[in-house]
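Please read it alongside the sequence and the coordinates.

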Amino acid sequence: MSTSTNPENPFKLFLKVILFIAFYFAICIALHGCKAKPMENIHTVETVIASKKDSIKTTVISGAINDTLRIQLPKVQTAKPECDSITKAELQRVLQLLNSHKKSGDNETGIYYDSLRNQIVAWQKIAQTKNVNTATNKEYIYLKGDKQIKYIQIKYIPLWVKILAWIGFASILFICYRISRIFI
């Protein structure tokens, strides 16, 4: 007769080993979802081109000009005094033909003979002028910068998943308790 040193039932031992392995895998699967995910690093180089435009505006305003030139004619004297009156009359007739007037926009000019004062009158009316000069300076600015973005994942487990996990854990404990009650 052989004596057995192992008083336990081999089927009972087999079930304990199977339950231990199943429980171990259940814990491994549950904890595998909780491990930290690796962080992602993104490294980018940004180049910003900005333009700066600067301008200087210079305005020069000249006032209006009213100018008159009067030329006084001297008395006509020739070598023969009897010819003075004939020469003077002919000179008066020619000077009476001197009458000119020009107009362009606000500018006017003219020349005429004033017989009462015995003068040649030249006149000008020049309107106000405005000169505008604009100097532009355009400048480009290059900015280069490194930018490193780290994404950190935050674990979020919804409430319904937590509830189902507790129900599953309680079910496994209850099944283990019932199986152990059968063999004990």
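Rings of Phe, Tyr and Trp, with the six-membered ring taken for Trp, pair if their centres lie within 6.5 Å, and planes over 60 degrees apart count as edge-to-face. In this structure, which is a predicted model, two aromatic pairs are present. Two salt bridges are counted as well, and four strands form an open sheet.

**Aromatic pairing**

- Trp166 and Phe169 form an edge-to-face pair, because their ring planes stand at 85° with the ring centres 6.1 Å apart.
- Both residues belong to helix H3 (residues 159-183), where a spacing of three residues separates Trp166 and Phe169 by about one helical turn.
- Trp166 is exposed, at 62% relative accessibility, whereas Phe169 is partly exposed, with a relative accessible area of 38%.

**Salt bridges**

- Side chains of opposite charge can pair when their charged atoms come close.
- Arg93 and Glu90 are both part of helix H2 (residues 84-96) and lie three residues apart, about one turn of the helix.
- Arg93 is partly exposed, its relative accessible area being 47%, and Glu90 is also partly exposed, at 39% relative accessibility.
- Another salt bridge joins Asp114 to Arg117, with 3.9 Å between the closest N and O atoms.
- In terms of accessibility, Asp114 is buried, with a relative accessible area of 16%, while Arg117 is exposed, at 52%.

**The sheet**

- The strand order in the open sheet is E2-E5-E4-E3, and the pairing is antiparallel.
- From one strand to the next, the twist averages 10°.
- Strand E3 and strand E4 (residues 107-114) run antiparallel and are joined by six bridges.
- Within this pairing, Asn99 stands opposite Tyr112 in E4.

**Asp114 in strand E4**

- Besides taking part in the salt bridge with Arg117, Asp114 is a residue of strand E4.
- The side chain of Asp114 reaches the backbone nitrogen of Leu116 at a distance of 3.4 Å.
- When neighbours within four places in sequence are left aside, Asp114 is in contact with Gln119 and Val121.

**Thr109 in strand E4**

- Thr109 is likewise found in strand E4, and it is partly exposed, with a relative accessible area of 32%.
- A polar atom of the Thr109 side chain lies 3.2 Å from the backbone oxygen of Trp123.
- Not counting residues up to four places away in sequence, Thr109 touches Ser100, His101, Lys102, Trp123 and Gln124.
- Thr109 and Lys125 are 16 residues apart in sequence, yet their C-alpha atoms are 6.2 Å apart in space.

Note on methods: Residues numbered from 1 in each chain as written. Predicted model: local features only at pLDDT ≥ 70, side-chain atom pairs only at ≥ 80, totals over all residues. Heavy atoms only, no water. Salt bridge = Lys/Arg side-chain N within 4 Å of Asp/Glu carboxyl O. Helix = DSSP H or I, 4+ residues; strand = E, 2+ residues; numbered from the N terminus. Buried < 20%, exposed > 50% of the residue type's maximum accessible area, 1.4 Å probe, protein only. Phe/Tyr/Trp six-rings, centres within 6.5 Å; stacked < 30°, edge-to-face > 60°. Pairing = 2+ DSSP bridges. Axes fitted to C-alpha atoms, helices over the stretch in contact; angles between N-to-C directions. Polar contact = N/O pair within 3.5 Å; in protein donor to acceptor, adjacent residues only side chain to side chain. Contact = heavy atoms within 4.5 Å.
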